[in-house]
Amino acid sequence: MATPQNPTGAVRSLMTELGKGAFWAVLIRGILAVLFGILLFSAPAAMAVALGIWVGAWFIVDGFFEISHALQARKQNLSWGWELAGGIAYVIGGIVIMIVPLIFAVMGGTVILLMMASGMLIRGILSVASKSFKGWSKALGVLDIIFAVIMFIVVFSNPGAALLALAWIVAIYTIVFGIFLIIMAFVARSQTKKAQVS
């Protein structure tokens with residue numbers, strides 16, 4: 001009959017294994033996140049172009065795979081027409097995005113901002129109209145409506161400024177997230193060393 005394992009020893013063993021493998025992975029993720037945030041801060045237009053090129057390349061590659069799959073389906077007398085059309089559309093879309101990646105990034109960012117503003121507006125209206133929400137909940141609903149209206153005005157009057165603000169928000173979040181990962185990696189490593197000593 002097997003003897004029951006000491007729970008404390010099991011936890012220490014698990015921490016040791018995590019510390020050995022996870023430290024470098026978490027640390028590198030953190031450093032890359034911070035670097036990405038700094039790059040986004042310093043050159044948002046260049047990062048937008050890079051993102052557009054990456055998306056365009058992915059569309060082209062995925063489109064070619066879909067075309068190949070459609071041609072194989074045709075040989076096997078299976079339905080293939082719509083799949084071929086979809087693959088061709090993906091390739092054409094990818095080429096267009098790669099030609100004008102900045103326009104794609106601006107349009108994509110504008111759509112994201114409009115969706116955010118719409119979501120805030122709907123949530124605010126529902127919060128104000130709902131009988132179950134009172135006090136601070138009603139006040140937050142009013143704030144949602146106000147900020148949604150401001151976002152709509154900014155997006156339609158000066159989309160460039162709105163997109164730059166969005167890029168800065170993403171950059172700040174990425175840097176903070178990266179710093180948190182770096183700290184977490186060193187804390188996990190410290191705890192692992194303590195567990196090994198004791």
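## Fold and contacts

What share of the contacts in the protein chain with a separation of 6 or more comes from residues 24 or more positions apart? The figure is 76%, with contact meaning heavy atoms within 4.5 Å. This is a predicted model: local features need pLDDT of at least 70, side-chain atom pairs count only at pLDDT 80 or more, and totals for chains, interfaces and linings use all residues. Residues are numbered from 1 along each chain as its sequence is written, and side-chain values use heavy atoms, without hydrogens or water.

The chain holds 6 helices and 0 strands. Helices (H or I, at least four residues) and strands (E, at least two) are DSSP runs, numbered from the N terminus. The order is α-α-α-α-α-α.

## Burial

Of the 198 residues, 26% are buried. Buried means under 20% relative accessible area, exposed over 50%, partly exposed in between (1.4 Å probe, protein chains only).

## Nonpolar cores

A nonpolar core is a set of buried Ala, Val, Leu, Ile, Met, Phe, Trp, Tyr and Cys residues joined through side-chain atoms within 4.5 Å. The largest has 9 residues, among them Leu 113, Met 151, Val 155 and Leu 163. Helices α4, α5 (136-157) and α6 (159-197) each supply at least two of its residues. A second, separate core of 5 residues includes Phe 23 and Leu 181.

Leaving aside neighbours within four places in sequence, Leu 113 touches Met 151, Val 155, Ala 162, Leu 163 and Leu 166.

## Thr 110

Thr 110 sits in α4 (residues 101-129). Thr 110 counts as buried because its relative accessible area is 19%. Beyond neighbours within four places in sequence, Thr 110 contacts Val 155 and Leu 163.
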